[in-house]
Structures are given as structure tokens and as C-alpha cells.
Amino acid sequence: MSMNVSYLYSLLAVIVLGLIAYAGAAIGLEALFGIVIPYLAVLVFFLGFINKVLDWAKSPVPFRITTTCGQQTSQDWIKQSKIDNPSTTTGVIIRMLLEILLFRSLFRNTRVEIKGKTVAYKWVVWLWLFAIMFHYSFLVVVIRHLRFFVEPVPFFVSSLEAVDGMLQIGLPGLFLSGVVLVGAATLLLLRRILLPKMNYFSRPADYFPLFLIIGIALTGILMRHFTKVDVVKVKELTLGLASFHPGIPEGGVGALFYVHIFFVSLLVAYIPFSKIMHMGGVFLSPTRNLANNNRMKRHINPWNPSVKIHTYEEYEEHFRDKLKEAGIPVEKE
């Protein structure tokens with residue numbers, strides 16, 4: 001089986017995009033990469049997000065086909081799985097919280113293996129571990145960056161920064177979330193490249209956001225620990241963006257910063273059109289957000305068209321004579 005090298009296209013695309021931003025900033029296009037593109041990215045994100053949600057909301061859901069992993073409510077002597085197979089709104093909320101905050105279904109990921117003549121199921125926790133490391137470190141990084149967009153900095157951002165950099169490695173201190181984010185994204189990427197089954201059905205669209213996120217994290221780490229950009233000027237630019245008074249600081253910020261913000265802009269604009277939209281889709285998934293009470297309550301499809309009913313009594317009334325001539329018994333003589 002030939003090796004799927006789709007990841008090379010995504011890697012090449014990210015490198016070229018980074019070089020374009022670097023060269024653009026070097027020749028004086030800071031306003032394009034630091035103001036115009038970020039605003040366009042946010043606009044595309046909101047319009048794309050709203051359009052996607054409206055599209056999902058308009059999709060017919062004629063039946064309740066919920067994803068379940070346990071016994072639904074039935075007879076009194078059969079124990080119901082109230083979280084895995086909820087029949088109430090409370091049960092659905094608990095199931096959604098466990099899914100969104102702890103990735104519960106991913107935690108129970110299994111792999112099927114054939115050992116001799118026996119089929120064996122093996123619990124695989126690595127994907128869940130990489131995913132939860134990736135998502136929570138990404139969340140911490142996003143919250144930390146609020147300090148660049150608001151003044152004064154909220155207490156919870158300062159507190160989170162203190163916890164994130166508590167090991168005080170180097171000067172300035174190394175944030176654990178940045179290291180974990182790069183590590184987890186790299187592990188998820190290597191999983192797709194090195195595992196034959198994953199590599200077989202992975203496409204450039206699967207690799208591109210991972211390379212982009214790794215690029216964002218690496219440029220951020222480089223700016224903090226190696227190239228040393230002027231943080232005051234960075235905050236001046238980002239505060240201007242947030243307050244709709246944009247401007248490029250005098251003296252410039254450094255080309256690497258524009259690569260960083262260009263990558264962020266691309267990711268933000270790319271979200272509504274990619275798999276990353278699962279962050280909004282999980283809330284609108286009928287297989288997750290509906291209670292499985294099919295045996296307790298009759299659900300009528302709201303999209304059923306209005307049909308004129310012809311009862312048997314009416315049918316017999318219309319065709320009684322013909323039924324009698326044909327020798328077919330009727331209820332009324």
C-alpha cells in the first residue's frame with residue numbers, strides 16, 4: 001500500500017503562507033497583515049458560523065435516533081442507564097456536560113483485534129489523552145491572550161497566567177500550556193501520519209489545521225523566548241483592533257509577529273468551513289441533545305404533510321354496492 005503523503009501538501013501550504021506574511025511585513029505591508037486580514041478573518045468567522053448553525057437548525061429531524069450506550073427506560077425491573085441513555089432533560093444535560101468537558105465517548109474508545117480465533121476488544125486511551133491535552137491547553141492559551149485585548153487585565157487571566165507559568169523555567173517564564181499544546185498537536189499529527197489506517201483516509205484538510213496550530217504555537221514561543229518582540233507595541237496594536245481604533249505602532253513590531261497573527265487569522269476564518277466546527281456542532285447534534293424517551297412518549301414528525309384521511313367506514317359507504325356485487329362482505333347492509 002502506497003503511503004498517503006497528503007500531509008506534505010498541508011505542510012507546504014503553511015510554510016508558504018508563513019513566508020508570504022513574513023515577506024509582506026518586511027516590505028511594509030504591516031497594515032494588511034496586522035489590521036485588514038484580522039478584521040476580515042473575524043467577519044468571515046461570524047458570518048460562516050451563523051450560516052453553518054442556521055443550516056443545521058433548518059435540517060429536518062423527523063425521528064429521535066439518539067446515540068446510546070446503555071439500557072433505555074423500560075420495565076420497572078430493568079435498570080436504566082440514566083446518563084448513557086437518558087430519558088429526561090436532566091440526564092441529557094449531564095451527558096452533554098460529560099461529553100463536552102471530559103470527552104466521555106472518546107474515553108471509551110476501543111480497538112478490535114483478532115487473537116487466534118478470538119475477537120478481542122482493547123481499551124485505547126491515548127487518543128482521549130492527546131485530545132484532552134490539546135483542547136484544554138488551547139483553551140488556556142486563548143484565555144491567556146485576553147491580556148492583549150483588554151485593559152485592565154481581568155483577575156482570572158492574571159491568575160491563570162500565574163498557574164500556567166508556576167514552574168518559572170527561564171526568563172521570561174515558560175508557559176506550560178504552550179508546550180503542552182505543541183506536544184499534543186504534534187502527537188495527533190504523528191498519529192495520522194504514522195498509523196497506516198489513519199494515514200490511509202486522512203486528507204490535506206485533516207492535516208492543515210494541525211500544522212496551522214503548531215505554526216501558531218511555535219511562532220508564539222519564538223517571539224516570547226528567542227526573538228523578543230516588543231510586548232508593549234503588540235498590546236498597542238491588539239488593543240487598537242479590539243477597540244476599533246486600529247493602527248500600526250511606530251517602529252514596527254517585527255515580521256514574526258505578523259506571521260503569528262496571520263496564522264491566527266487563517267485559523268479563525270477557516271473554522272466555519274472545517275472539522276473544527278464540531279465545537280458548535282456538538283450542541284446541535286440530535287443524537288446527543290435529545291432524550292431517548294421513544295417508549296414513553298409518542299413523537300409525531302412535525303414535517304408530516306397534512307393528509308386527508310379516508311376511513312374504512314367512508315370507503316365502505318362509497319363502494320358498498322360494488323362490494324356486494326363482488327361478493328365481498330360488508331359491515332353494514
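## A residue in a loop

Let's start with T66, which sits in the loop between α2 and α3 (89–102). Keep in mind that this is a predicted model.

Is T66 buried or exposed? Its relative accessibility is 12%, and buried means under 20%, so T66 counts as buried. Leaving aside residues up to four places away in sequence, T66 touches P286, T287, L290, A291 and N292.

## Two helices side by side

Helix α2 covers residues 30–58, and helix α11 covers residues 255–270. Their axes come within 8 Å and cross at roughly 15 degrees. Angles under 35 degrees count as roughly parallel, and α2 and α11 are therefore roughly parallel to each other. The crossing of α2 past α11 is left-handed.

Which residues of α2 and α11 meet? On the α2 side they are E30, F33, G34, I37, P38, A41, V42, V44 and F45. Their partners in α11 are Y258, I261, F262, S265, V268 and A269. Sorted by class, this contact of α2 with α11 has twelve nonpolar, two polar and one charged residues.

Now for the strands. Strand β1 takes in residues 110–115 and strand β2 residues 118–123; the two run antiparallel and are joined by six bridges. Within this pairing, I114 stands opposite V119 in β2.

Together β1 and β2 form a hairpin, with two residues between them. In the turn you will find G116, which has a positive phi of about 70 degrees.

Definitions and conventions: Residues are numbered from 1 along each chain as its sequence is written. This is a predicted model: local features need pLDDT of at least 70, side-chain atom pairs count only at pLDDT 80 or more; totals for chains, interfaces and linings use all residues. Side-chain values use heavy atoms; hydrogens and water are left out. Axes are lines fitted to C-alpha atoms, for helices over the stretch in contact, and angles run from 0 to 180 degrees between N-to-C directions. Helices (H or I, at least four residues) and strands (E, at least two) are DSSP runs, numbered from the N terminus. Angles under 35 degrees count as roughly parallel, over 145 as roughly antiparallel, 65 to 115 as roughly perpendicular and the rest as oblique. A crossing is left-handed if the near helix is turned anticlockwise from the far one by less than a right angle, and right-handed if clockwise. Contact means heavy atoms within 4.5 Å. Ala, Val, Leu, Ile, Met, Phe, Trp, Tyr, Cys and Pro count as nonpolar, Asp, Glu, Lys and Arg as charged, and the others, Gly among them, as polar. Buried means under 20% relative accessible area, exposed over 50%, partly exposed in between (1.4 Å probe, protein chains only). Two strands pair if DSSP finds at least two bridges between them.
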